[in-house]
Amino acid sequence: MWRLAKRLPSFNVRFGSSVGTSAHARPYRWRVTIIFGRGVDRAKVEETVLHELCHFAAPHETTSDGREAHHGDAFNWLLLDVAKRLWGTEFDVGPGVARGGYGPSRWLLKRRRKMLGTTTADDKLAARLL
Ligand SMILES: [Zn+2]
């Protein structure tokens with residue numbers, strides 16, 4: 001048995017009228033805020049929630065100049081590992097995919113959409129999931 005967080009954080013989830021999703025985890029406050037924009041689909045909801053939950057379990061990382069690295073290699077490896085556990089070996093990746101930044105999140109989203117066969121936006125489905 002494994003966990004992403006010691007306890008479930010509170011989620012503040014809304015749907016906005018603009019395009020794009022804004023999400024922010026605050027592990028020190030056990031809180032996640034997500035605003036899904038127009039055109040969100042099931043894969044985006046799943047990837048976003050998974051991504052934010054990983055912020056509660058990822059080890060603290062810093063950049064070479066000492067700043068906090070929210071999407072460092074350790075975070076991205078954790079995200080990819082959890083996705084594989086949830087969604088299967090289709091999410092098995094080789095070295096290089098988990099480099100820092102948002103690349104792994106974009107890769108997961110694309111792969112999850114392909115797996116679900118959802119290439120078009122589906123706001124109603126996303127709303128049912130929340
Ligand atoms: Zn993040």
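These questions and answers concern a predicted model of one protein chain.

Me: In what order do the elements of the protein chain run from the N terminus on?
Reply: The secondary structure comes to 4 helices and 3 strands. From the N terminus, the order is β-β-β-α-α-α-α.

Me: Are α1 and α2 parallel, antiparallel, perpendicular or oblique to each other?
Reply: Helix α1 covers residues 42–54 and helix α2 residues 73–87, and their axes lie 10 Å apart. The packing angle is about 130°. Roughly perpendicular ends at 115 degrees and roughly antiparallel begins over 145, so α1 and α2 are oblique.

Me: How many residues in the contact of α1 with α2 are nonpolar, polar and charged?
Reply: From α1 come Leu50, His51 and Cys54, which meet Phe75, Leu78, Leu79, Val82 and Ala83 of α2. The division is 7 nonpolar, 1 polar and no charged.

Me: What is the handedness of the crossing of α1 and α2?
Reply: The two helices pack at an angle of about 130°. Their crossing is right-handed.

Me: What percentage of the residues in the protein chain is buried?
Reply: The protein chain has 130 residues. Buried residues make up 23%.

Terms used:
Residues are numbered from 1 along each chain as its sequence is written. This is a predicted model: local features need pLDDT of at least 70, side-chain atom pairs count only at pLDDT 80 or more; totals for chains, interfaces and linings use all residues. Axes are lines fitted to C-alpha atoms, for helices over the stretch in contact, and angles run from 0 to 180 degrees between N-to-C directions. Angles under 35 degrees count as roughly parallel, over 145 as roughly antiparallel, 65 to 115 as roughly perpendicular and the rest as oblique. A crossing is left-handed if the near helix is turned anticlockwise from the far one by less than a right angle, and right-handed if clockwise. Two residues are in contact if their C-beta atoms, placed from the backbone, lie within 7 Å. Ala, Val, Leu, Ile, Met, Phe, Trp, Tyr, Cys and Pro count as nonpolar, Asp, Glu, Lys and Arg as charged, and the others, Gly among them, as polar. A residue is buried if 20 or more other C-beta atoms lie within 10 Å of its own, exposed if 12 or fewer, and partly exposed in between; C-beta atoms are placed from the backbone.
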